[in-house]
Amino acid sequence: MQIQNLQATNMSTASGMIIKEAPTAPEIQAWIVSYLAELLEIEPDEVNVTIPFDQYGLDSSAAVGMTGDMEDWMGRKLDPTLLYDYPTIQGLARHLAEELKIKV
């Protein structure tokens, strides 16, 4: 699946080490919107970030697929149940940004 290439991390060097910065909530939200728009073959501005994922018709297979693709994008392992724990794009993006900020 071709997804709009949104930059997940900023890379900088400190003492020769590469440090990845966690994506922000708006970056995560933009990635999810782009992903869903492509998956559903709709325009990104048709995706409402405040309605539950299940209203977009995502089944468990699609949810696991999206979580896997998001793991690849972020370079971090994610719990496949996150879409059920945080059922809106906005809620999931905020949660992930906070969680990743703590772990970085």
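A residue is called buried when its relative accessible area is under 20%, exposed when that area is over 50%, and partly exposed in between, with a 1.4 Å probe and protein chains only. The model described here is predicted, so that local features need pLDDT of at least 70 and side-chain atom pairs count only at pLDDT 80 or more, whereas totals for chains, interfaces and linings use all residues. Residues are numbered from 1 along each chain as its sequence is written, and side-chain values use heavy atoms, with hydrogens and water left out.

Helices, taken as DSSP runs of H or I with at least four residues, are numbered from the N terminus. Helix α2 covers residues 60–74, and its 15 residues should span 21 Å at 1.5 Å a residue, which agrees with the 21 Å between its end C-alpha atoms; the expected span is 1.5 Å times one less than the number of residues.

Within α2, the buried residues are A63, M66, T67, M70, E71, W73 and M74. Seen down the helix axis, these buried residues fall within an arc of 160 degrees, so they line one face of α2, the arc being that of the directions from the helix axis to the C-beta atoms. The face turned away from this buried side carries the exposed residues S61 and D72.

At the start of α2, a side-chain oxygen of D59 comes to within 3.2 Å of the backbone nitrogen of S61, and the helix is followed by G75, whose phi is positive, near 75 degrees.

E71 also forms a salt bridge with K77, their closest N and O atoms being 3.6 Å apart, where a salt bridge means a side-chain nitrogen of Lys or Arg within 4 Å of a carboxyl oxygen of Asp or Glu. In this pair E71 is buried, with a relative accessible area of 16%, while K77 is exposed, at 73%.

How values were computed:
Helices (H or I, at least four residues) and strands (E, at least two) are DSSP runs, numbered from the N terminus. A polar contact is a pair of N or O atoms within 3.5 Å; within protein, one must be able to donate a hydrogen and the other to accept it, and residues adjacent in sequence count only if both atoms are side-chain atoms.
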